Amino acid sequence: MTAPAHPRVATVTRLLTEAGGTGEVRMLPAEVRTAAAAAAALDVPVGAIVNSLVFDADGSPVLILTSGAHRVEESKVAALLGVERIAPARADFVLRHTGQVIGGVAPIGHPEPIGTLVDVELARYDVVWAAAGHPASIFPTSYEELLRLTAGTAAEVGNGPTSDGAIGTAGKAVGA
């Protein structure tokens, strides 16, 4: 693979290599800022897309890696974390704590470690796809590798899949 042009993508690529990540960072022809757009670009189920969502938990960032077919139930996660409430972070908060923009937040490569919850729904897929620091970059990984790379905690962050609940051949993406 040639060196990525974007510095955040280069950082994520380097960190993946150093951590023994098995997936290769890919640049897509266009930015994909939603799970549906990423799934369409990769021809994979939307549930196999890792949404990297940053929440504000009493002023501290929490990264929730959830399936694209799964919605975060904020009250459930707040109770799990032992805080009064969590709220989706504003764009400036996300950038400050991750060094990355919404739509391209990678599970790794942040200026400081961020507490991370990894949605158990992602375990339904052999291969999941996560952003690599820019909205046009993505890499394949597995649920187990995602837990290892992020030092994250497996968690039920919602009440089940929203629209892509069938497992079938999920995760067996073309070129994976």
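Q: What helices and strands does the protein chain have?
A: The protein chain has five helices and eight strands. A helix is a DSSP run of H or I with at least four residues, and a strand is a run of E with at least two, each numbered from the N terminus. From the N terminus on, the elements run α-β-α-β-β-α-β-α-β-β-β-α-β. This is a predicted model: local features need pLDDT of at least 70, side-chain atom pairs count only at pLDDT 80 or more, and totals for chains, interfaces and linings use all residues. Residues are numbered from 1 along each chain as its sequence is written, and side-chain values use heavy atoms, with hydrogens and water left out.

Q: Why does serine 142 count as buried?
A: Buried means under 20% relative accessible area, exposed means over 50%, and partly exposed lies in between (1.4 Å probe, protein chains only). Serine 142 has 19% relative accessibility, so it counts as buried. Across the protein chain, 50% of the 176 residues count as buried.

Q: Where does serine 142 lie, and which residues does it touch?
A: Serine 142 sits in the loop between β7 (137-141) and α5 (143-150). Contact means heavy atoms within 4.5 Å. Leaving out residues up to four places away in sequence, serine 142 touches Asp126 and Val128.

Q: What makes β3 and β5 a pair?
A: Two strands pair if DSSP finds at least two bridges between them. β3 (residues 60-67) and β5 share four bridges, in the parallel sense, so they pair. Valine 62 stands opposite glycine 115 in β5.

Q: How do you know that β5 and β8 pair?
A: Three bridges join β5 to strand β8 (residues 153-155), again in the parallel sense. The bridge partners in β8 are threonine 153 for leucine 117 and alanine 155 for aspartate 119.

Q: Why is β5 (residues 115-119) described as mostly covered?
A: Four of the five residues of β5 are buried.

Q: Which strands form the open sheet, and what makes two of them edge strands?
A: The sheet has five strands in the order β4-β2-β3-β5-β8, with mixed pairing. β4 (86-88) and β8 are the edge strands, as each pairs on one side only. Neighbouring strands of this sheet are turned by 35° against each other on average, direction ignored. α5 packs on the sheet and touches β2, β3, β5 and β8. The direction of α5 makes about 175° with that of β5. Such angles run from 0 to 180 degrees between N-to-C directions, on axes fitted to C-alpha atoms, for helices over the stretch in contact.

Q: What makes a space a pocket, and how much space lies in the largest pocket?
A: On a 1 Å grid over the protein atoms alone, a pocket is an open set of points with protein on both sides within 12 Å along at least five of seven lines; a cavity is a set where a 1.4 Å probe fits but cannot get out. The largest pocket holds about 490 Å³.

Q: Which residues line the largest pocket?
A: Lining residues have an atom within 4 Å of a point. The largest pocket has 31 of them, with Arg33, Asn51, Ser52, Leu53 and Gly103 nearest its centre. β2 gives the most, six residues. The lining divides into 19 nonpolar, nine polar and three charged residues.

Q: How large is the second largest pocket, and what lines it?
A: Its volume is about 170 Å³. Its lining includes Leu15, Leu63, His110 and Glu112.

Terms used:
Points joined across faces, edges and corners; volume = space filled by probe spheres on them. Nonpolar A, V, L, I, M, F, W, Y, C, P; charged D, E, K, R; others polar.
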